[in-house]
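Work through the exercises below with the model open. Each one sets a task and then gives a solution in steps.

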Amino acid sequence: MTSYPNAAQLAEAVEGFLREEVMPALEGRLHFQALVAANVMAILGRELADGPALQAAHTEGLAALGITDDAALVDAIRTGDMDGRIGELLAALRPSVEAAVMIANPKHLR
Amino acid sequence: MVLAGSLADVVGSALGCRVEICDLVRLSGGASRETWSFDAAHDGVVEELILRRGPDALGDTIGPTMLLEAACMREAARVGVPMPDVLAAAADSAELGAPYVVMRRIAGETIARKILRDDAYADVRPQLAAQCGEILGNLHQMDPAALPQMSDGYALDALRAVLTDSGVLSPMLELAMRWLEQHRPPPTRTTVVHGDFRNGNLVVGPDGVRAVLDWELVHLGDPMEDLGWLCTRAWRFGGAPPVGGFGEYDDLVAAYEKRSGVAVDRDVLRWWELLGTVKWGVICVVQANRHLVGGQRSVELAAIGRRVCEQEYDCLNLLEELT
């Protein structure tokens, strides 16, 4: 079975089409929607490349806290089990939060 | 166009003469309200106007808030907030197919990136933080008795409930909410709160802020909410200074204190800045769900969902600073 171009390459092709051909032909609301769609295609491309690393970073961060998954962590935060461990929590969450921003909007990182 | 015909009736009866509607264009932006720009011509005069119209499907819930918006705009003008005149408003869908407000169009820029970067605004940019402080000092003197019943704002408990109902798990937003809950400052005062005072809702000209738009989130609450919201990173649009990407805390606070006569506690301001960051994160989830489960298909709404992680990142940095 041949899957060529791959998914990231297809996303990149659609992004280029939206930016170079669709956007110049539109104005107003539709121009803006096409820009949003092009940005979404760029997110898809980055997620296809970096998504697995993001997931790994998050799992590792949770494991460092002795927590199995997000639901358990949310529960622990709400019940106060993590009170007093805020510095440790922030350090554990930073890699996955940064990785998610890197995929969604790298310009937001500083 | 059907809308133009109905608009001619609405504007004609507001102005007391027959008008012709031209250049009716739907503007971009505004995910929960339609905004239209148009001109109404009569007797050799051209009135430049704006229509804000709620989606018909939400008529029953949006109708009363349209009247509230109109009342707020009139009361805000009375206390010295720069405002467009309101010509007409309705809570039902009889005239224009949805509840609406018609107001005068104020020339100026609302697009944050232009206000923050274009040369035309270079001279006024350093004054905007102080202008916002003055305007908020006035705005918080609005008389609630002049307005219809207002809903409560998104308090912390409400935000958590909305996030829980969404089905989205965010340990980072939960952690921020936990910290906010445990460090909640006592209320400073209770006033009318605009609820969405920020870049995008301010019409700015080379001389400064000309109008404050978009009163759909107005409520009674702690006025520090408006100052904190203006400072959240999401509304800086890439600008470095903390107040709206254009100014410093000192300028905003000094002007606000002078106009309102009320001292601002910087720690309280930062608490509200963090709350604003969490709130925008939760709103991003809600917007994405309008597309995913709410039946309002929109790539724009879907994309807003991916901004949740930006708020998580900003919460993380703020919490590191505050703890």
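**Exercise 1.** In which sense do strand 7 and strand 8 of chain B pair, and over how many bridges?

The model is a predicted one: local features need pLDDT of at least 70, side-chain atom pairs count only at pLDDT 80 or more, and totals for chains, interfaces and linings use all residues. Residues are numbered from 1 along each chain as its sequence is written, and chains are lettered from A and ligands numbered from 1 in the order in which they are written.

Step 1. Helices (H or I, at least four residues) and strands (E, at least two) are DSSP runs, numbered from the N terminus; two strands pair if DSSP finds at least two bridges between them.
Step 2. Strand 7 and strand 8 (residues 208–212) of chain B pair in the antiparallel sense, over 4 bridges.
Step 3. Strand 7 (residues 202–205) has Leu202(B) and Val204(B) on its covered face, with Val203(B) and Gly205(B) on the uncovered one.

**Exercise 2.** Describe the side of chain B that touches chain A.

Step 1. Contact is defined by C-beta atoms, placed from the backbone, that lie within 7 Å of each other. By this rule 22 residues of chain B are in contact with 28 residues of chain A.
Step 2. The elements of chain B that give two or more residues to this side are strand 1 (20–26), helix 6 (171–182), helix 10 (299–305) and helix 11 (308–322).
Step 3. Helix 11 of chain B supplies the largest share, 7 residues.
Step 4. Sort by class: Ala, Val, Leu, Ile, Met, Phe, Trp, Tyr, Cys and Pro count as nonpolar, Asp, Glu, Lys and Arg as charged, and the others, Gly among them, as polar. The side of chain B that touches chain A then has 12 nonpolar, 2 polar and 8 charged residues.

**Exercise 3.** How do the axes of helix 3 of chain A and helix 6 of chain B cross?

Step 1. Axes are lines fitted to C-alpha atoms, for helices over the stretch in contact, and angles run from 0 to 180 degrees between N-to-C directions.
Step 2. The two axes come within 9 Å and cross at roughly 0°.
Step 3. Helix 3 of chain A is therefore roughly parallel to helix 6 of chain B (angles under 35 degrees count as roughly parallel, over 145 as roughly antiparallel, 65 to 115 as roughly perpendicular and the rest as oblique).
Step 4. On helix 3 of chain A the residues are Asp70(A), Leu73(A), Val74(A), Ile77(A) and Arg78(A); they meet Pro171(B), Glu174(B), Leu175(B) and Arg178(B) of helix 6 of chain B.
Step 5. This contact has 5 nonpolar, no polar and 4 charged residues.

**Exercise 4.** Is Met82(A) buried or exposed?

Step 1. A residue is buried if 20 or more other C-beta atoms lie within 10 Å of its own, exposed if 12 or fewer, and partly exposed in between; C-beta atoms are placed from the backbone.
Step 2. Met82(A) counts as buried because it has 20 C-beta neighbours inside 10 Å.
Step 3. Met82(A) lies in the loop between helix 3 (70–79) and helix 4 (86–104) of chain A. Leaving out residues up to four places away in sequence, Met82(A) touches Ala76(A), Ile77(A) and Leu89(A).

**Exercise 5.** Where is Asp43(B) found?

Step 1. Asp43(B) is in the loop between strand 2 (34–42) and strand 3 (45–53) of chain B.
Step 2. Its phi is positive, about 50°, although Asp43(B) is not a glycine. Most residues other than glycine have a negative phi.
Step 3. Asp43(B) is exposed, because 8 other C-beta atoms lie within 10 Å.

Methods
Two residues are in contact if their C-beta atoms, placed from the backbone, lie within 7 Å.
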